[in-house]
Each structure stands twice: as C-alpha cells, then as structure tokens.
Amino acid sequence: MAQQPLLQLPEFQHATTGSLAVAQPLNFWAGARVPSRDAKNSEPVYEPATGRVLCDLPACGAEEVDQAVRSAHAAYLKWRGLSGMERGRVLLEAARIIRERRDQIARIEVVNNGKSITEAEVDIDIAWQTIEYYAGIAPTLSGQHIQLPGGSFAYTRREPLGVCVGIGAWNYPFQIAAWKSAPALACGNAMVYKPSPMAPVTIVILAEIYKEAGVPDGLFNVVQGGAETGSLLCHHPMVAKVSFTGSVPTGKKVMEMSAKGVKQVTLELGGKSPLIIFKDCELENAVKGALMANFLTQGQVCCNGTRVYVQRDILPQFLEEVVKRTKAIPIGDPLLEDTRMGALISRPQLDKVLGFVKEAQKQGARVLCGGEPFVPSDPKLKGGYFMSPCVLDNCRDDMTCVKEEIFGPVMSVMPFDTEEEVLQRANNTTFGLASGVFTRDVARAHRVAASLEAGTCFINNYNVSPVEVPFGGYKMSGFGRENGHVTIEYYSQLKTVVVEMGDVQSLF
C-alpha cells in the first residue's frame, strides 16, 4: 500500500500553533519514508513558538546513510540518461505542485522554524521559482565545438557529477533545499539531503513532491541527523560533491572531510556584513533597508547587514526613526498575518543572543530598544523563544557584538565621517558574504560596491535575493555560488572529446 504524503495527513492539513505532533518517520529514500533503525537514540525537536516537542528525531547511522546514497546512485543512472528537456519537464511539474500548495507548506514551515507566516510564504515562493528557473536552464546545457587543423575537431560535454550531498540550515529549511536540489537535478545529478536536526520536517514534503512530479525513486533522498550523520555523508565514497550551508567552524570540517575523497565542495557560511548609509541617502529608504537587513527571520540570516555605519551628520535622525520602527514591530504567534517577528529557533539560541546584548552593554554599547526576552499575551506561547528586536548605539569596531556573528535580532549602529574611512572599517573582517550602501550619488554607489570585499553588494536596498542572481561569499564566508546560471558549473563537469579526421602522426 502506497504511503500517504505528509501534506495529506489530517494533522498536517489543519496545523496551527501548538497543535502539530509529528509521529511519521522523517527519513526518505527509494521513494518512501523510512523508519529509523535506532529510535532509542532520538533527540527532541521543539516548536519555537511554544517550546513544546514537535517530534523525536533519531539520527541515521552508517547503514542508513549507505542505503540512501546507493538509492540515489541507482536513480542517478536513470536520470542522467534523460535529455535536458525531459528533466526540465519533471522539474516544472514539481514547481507547479509547490506553487499550488504554497500556503499549506508555509504553515508547516512556520511551525517547524518559528518565522512569521508572511516571510514563510515568500520563502516557498522563492523555492518554486528556483526549481522553475533551473527547469528552464536544463534543456540549454551544452558544450562547445572547437575546430582543429586538418579537419579534425574537438568538442566538450557538460556532464553531471553523480550523487551530490546537500547539508542545509534551519533558518530557511525548504528554500535552501530548493536552492541546492534544483540546479543539481537540472544538471542530471541525484541528491541526498541532510536538513538541520532543528528543522527536519518540510524537507520530507519537498522529497514527496519531487516523487509526485516524476523523478525516479531515490533521486532526492532525505537523511536525518546531526554532525555524525553529516560526517558519514562527507566520507561516503559514492558521493561526488557536498554543498553545505551553516557556520564557519562546521564548514571547515566539511571541507576537511570532503578533501579526503577529493570531493567538490560549495560552502555558504556565516557573515558579519556592513551596511553603509551616507548622508545624501533617501533616509526613509535607508531606515527601511536597515530593518530588512537586520530583522528578517528574527535576525537569523547569514547575510544580514548587522554592522550599520551611518554618516555622522544624519546619525541622530536615523537612530530616532529606526528605534521608533523597531519598537513597533509586532511580535507573537508566527501564524497570524499581522505578526512580523516570530520566535528564535531554540532556547540555547535565544540565550546566546541575549548574552551578546549583555556583553555589548558591558563593553560600553547603549541599548536604545529591545534586547530582552519577550512573553506574548497568548498563554500557549509562554514557553516560546521570543525576544524584542534590539538596536545598539555607541558601538565600536572592536566590540564583540560588532566582530562576531550574533544570528539574532540585534542591530549595531556606528558613526563614520569619510568614505575612505568607512570602507577600511567595513572590510576589516574575516567575513565577506554581503554588504550594502545607501546613497543618491551614482558614482559613489558603484565605487563603494567595487571596493567592498563581499560576494554581494546591495545598492539602495538590502536582502533582495532573486533566483536569477548568484549568491555566495568571499573570504571565510565560503566559496562557490548558489542561484543564477553560474551555479550550473558547480553541479557539472566538463569532458573534452578530441576527434582526429586524418592519420596519426607518431613519433615512434
């Protein structure tokens, strides 16, 4: 008897804050959900908005990882033989299904992750747009013809890598899975995906949708677990590539483990991005940009512009307006349409972020608003991981809150005087994921963008990530790219074929 997909189960169809309990297995390979072999060693997964246990999650061991990888390899052998047009048609169907079920998927994402429903709906839209985009690229994959002397010639073939591993983060569970799987599958690869153990649910929904759309069983598999499961994936001899999104320390380990098998690696790591606001900016837009740069997903975004440099002349006006708007952000039940800030992912993460605020105060920063635990009025949210968004003034470049990634709703604001000075300060970091500048001076905007050492620079906006545009880091924020046409190069390899049309000219 065929399994009923998660979205068809009554508890998923009627999920509300505090109501969902997931009893189904969340591993998925060979086209079906697979119970864990060792359910005794499971870890609880919490619903961020309530603090209640959402499910118990056993980690996959060596035998299960091997089954998932071998299942993916068998599917890859079928999938790679299809034309780009045939693969694209299946991906278009997956995009259509996600688009039609967007609202339901978004609700489960909110329960699993804690972000507001408004943001989650955007995330699911970006996911289907990503799959649709790469569905369109799949038929265009091609090589090159090179004419050689004497009528001989050579050509290149763009071929898939094989089984790719995706290791995702908990801040954008469904969207990151689409970012990694769509280009991988478009190029003819299979993927084994390990989500964060703190947000394991919606990735299984994506796997079931790929199956429904028509991919071969095993082409997109899900293994659950933490660091040990990730290590098993990185070391598996049948894995050709690892794409990881997460912290710098874990990214280094992924790179080291993958190097032992000479596997290709894409790393999208942390950031401590600068946002530079010049006095000639449109202040209203700059304030809105700073809020978007700091408070999406409760501040748990790797490319956030958390170091906000404001030219001294306009600092008082900027702070007045940004504090007023930060205080007005509605916090509460993330499934309510009016909520703009939900819950942080976990109690330890909440405590860590609050600890950064206290440390900043000890080092001389001034809290202009927020930075405290927040208890919503709804009784069912009393155990949730909420805090009030925080704006810090009187910050210095040598403070911990300015140097280290906080990953929470904390904005650090600092004055600057000259363009040369602020560029030196902005680039004085080991990170290089994103950056931003607000100015009406077109020449300055492009000059500053060229000078900032980051993979992305936003001019007069922030945290805009269309699927057509490559995303990735400089320096310790990682390498490789996600999104855009260039990502095809990170999920394929080039074969050169040389054709001799005459006789062999031998030296022997």
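Analyst: About 1000 Å³ of space lies in the largest pocket. On a 1 Å grid over the protein atoms alone, a pocket is an open set of points where a 1.4 Å probe fits, with protein on both sides within 12 Å along at least five of seven lines. Its volume is the space filled by probe spheres set on the points, which are joined across faces, edges and corners. The model is predicted: local features need pLDDT of at least 70 and side-chain atom pairs pLDDT 80 or more, while totals for chains, interfaces and linings use all residues. Residues are numbered from 1 along each chain as its sequence is written, and side-chain values use heavy atoms, without hydrogens and water.

The lining (residues with an atom within 4 Å of a point) comprises 46 residues, and G246, S247, V248, P249 and T250 lie nearest the centre. Elements that supply two or more lining residues are α8 (227-235), β10 (239-245), α9 (248-259), β13 (307-311), α12 (347-362), α13 (400-403) and α14 (419-427). Of these, α9 contributes the most, with six residues. Helices (H or I, at least four residues) and strands (E, at least two) are DSSP runs numbered from the N terminus.

By class, 18 lining residues are nonpolar, 17 polar and eleven charged. Here Ala, Val, Leu, Ile, Met, Phe, Trp, Tyr, Cys and Pro count as nonpolar, Asp, Glu, Lys and Arg as charged, and the others, Gly among them, as polar.

For reference, the second largest pocket holds about 670 Å³. Its lining of 27 residues has E119, Y172, M292, L296 and N463 closest to the centre.
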